[in-house]
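The following paragraphs lead through selected features of the model shown here.

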Amino acid sequence: MKKILVATAVAAAFGVSGVQAAEDITVDVAVIGAGGAGLSAAVEAANLGAKVVVVEKMGMPGGNTIRAAGGLNAAGTALQQAKGTKDSVEIAYFDTMKGGHWKNDPELVRTLVSGAAGSVEWLLALGGDLRDVGLMAGASQPRTHRPTGGALVGPEVVKTLYNAAKARQIDMRMNTQATKILMKDGKVTGIQVTNKKDGTYTIHAKAVVDAAGGFGANNDLVSKYVPRLKGFATTNHPGATGDGLVLAEKAGAQLIDMTEIQTHPTVVPKVGEMITEAVRGNGAILINKDGKRFFNELNTRDAVSAAILKQKDGVAYLFFDSDMQKSLKATNKYIKQSYCVSGATIEEVAGKMGVPAAELQASIDAWKKGKAAGKDAFGRADMPRNLDQAPFYAIMVTPAVHHTMGGIKIDSKTQVYNTKGQVVPGLFAAGEITGGVHGGNRLGGNAQADIVTFGRIAGQQSYIYAMQAAAADKAKK
């Protein structure tokens with residue numbers, strides 16, 4: 001999404017002013033970050049009766065969630081069943097572990113795949129639209145839930161959660177940065193925050209949920225852990241700089257999997273706009289500058305990224321026809337942009353792409369032949385379209401830093417662990433700031449499942465801890 005347009009639209013839609021008077025306050029649960037994980041935690045804790053405050057350093061809610069395009073992976077939903085999809089938690093578990101190169105924490109993956117269907121139902125109950133189900137790379141079954149017609153999922157999730165938070169009168173403080181997690185006798189006692197206008201103050205809390213997101217927009221930190229990514233562009237919003245990781249680390253948290261950083265294979269060069277994986281899932285293919293197809297488009301993101309980087313100039317074209325375009329609402333925006341070329345014939349679009357028309361035609365013919373035979377030359381299992389319906393479209397793409405899979409070590413209750421392997425009492429974490437869920441590679445659609453599922457758990461567990469802590473304090477008096 002275009003950053004300025006998204007920021008303006010979201011701020012206008014949410015009516016965010018973002019400045020509160022600086023004064024110490026006391027709550028049950030303090031949440032750092034107003035992205036999908038933070039808002040999910042806040043709404044769930046409030047549902048249980050907690051007094052909650054959310055602090056967000058940016059001027060609007062959403063974080064990286066607002067930029068999410070693909071969908072939310074969930075196995076065994078009623079929506080899947082209605083389509084006759086034969087999926088299960090076990091299949092989703094295998095796909096996720098395989099996609100992560102078996103580096104994932106099995107307990108966290110079990111929690112993810114077993115809880116994701118409930119997360120879809122929860123969002124639907126809150127008024128969200130996730131009624132379209134599609135296929136994304138790395139998944140063996142269509143389980144990616146997204147808005148009707150295949151529209152972008154992120155804005156829908158953020159809108160749903162933000163409206164739910166407002167309806168519950170949750171205190172959400174924009175332009176307010178957490179600068180310290182406060183501790184006493186080894187237990188969390190709240191957070192110190194700074195508001196750019198009014199200075200520093202303290203939020204006293206029995207429990208803290210750190211959902212401040214990843215560090216994909218901090219190339220210094222990215223290249224510290226993975227030097228080959230130095231200078232890479234990113235799909236992340238400007239606030240994804242790893243501040244929450246630093247706070248947690250200073251509070252004693254253990255960090256894991258920090259070298260596991262994912263690139264998204266289809267990002268528009270120099271523009272930075274990510275083209276959703278659903279474009280490939282719905283039938284688009286990758287074409288290099290020689291007009292040739294060169295890889296299985298539905299392989300995992302790391303593998304597709306590596307394949308593109310091996311092509312001439314490290315770029316490729318996403319090629320699709322009008323049949324594919326009409327199947328996915330997300331493409332409506334793409335085809336209006338200057339980076340998308342089109343043509344009424346293969347020859348015309350090839351000319352605009354700068355590739356040999358004969359080679360492009362041969363690639364399409366080979367694709368159709370493989371589809372008819374039920375066997376793709378590059379091993380792609382799903383070939384939903386012939387790609388022969390004019391007009392034709394092409395978008396140049398290249399990999400960019402997309403998701404940081406490493407972060408804070410947590411367990412299935414989202415409790416944070418310190419460097420000694422002990423739980424940090426009162427500290428919870430959820431979302432991209434955590435490590436272990438995705439292993440060595442995240443499947444498209446699993447980030448939304450992650451943030452909502454673990455965000456909800458963090459809300460539940462922080463509430464339970466806060467109530468127990470309050471009861472213990474009362475008993476001492």
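Over the ring of which residue does the charged end of K409 sit? The charged end of K409 sits over the ring of Y417, 5.9 Å from its centre; this term requires NZ of Lys or CZ of Arg within 6 Å of the ring centre and within 35 degrees of the ring normal. The charged end of R110 sits over the ring of Y93, 3.8 Å from the centre of that ring.

This is a predicted model, in which local features need pLDDT of at least 70 and side-chain atom pairs count only at pLDDT 80 or more, while totals for chains, interfaces and linings use all residues. Residues are numbered from 1 along each chain as its sequence is written, and side-chain values use heavy atoms, with hydrogens and water left out.

Helix α2 covers residues 36-48; helices are DSSP runs (H or I, at least four residues) and strands likewise (E, at least two), numbered from the N terminus. Of the 13 residues of α2, 11 are buried, so the helix is largely enclosed by the rest of the structure. Buried denotes under 20% relative accessible area, exposed over 50%, and partly exposed in between (1.4 Å probe, protein chains only). Just after α2, G49 adopts a positive phi of about 115°.

Five aromatic pairs are found in the whole structure; rings of Phe, Tyr and Trp (its six-membered ring) pair if their centres lie within 6.5 Å, with planes under 30 degrees apart counted as stacked, over 60 as edge-to-face and the rest as tilted. The rings of F215 and Y225 have centres 6.0 Å apart and planes at 55°, so this pair is tilted. F215 counts as buried because its relative accessibility is 0%, whereas Y225, at 23%, counts as partly exposed.

How values were computed:
Expected span 1.5 Å × (residues − 1).
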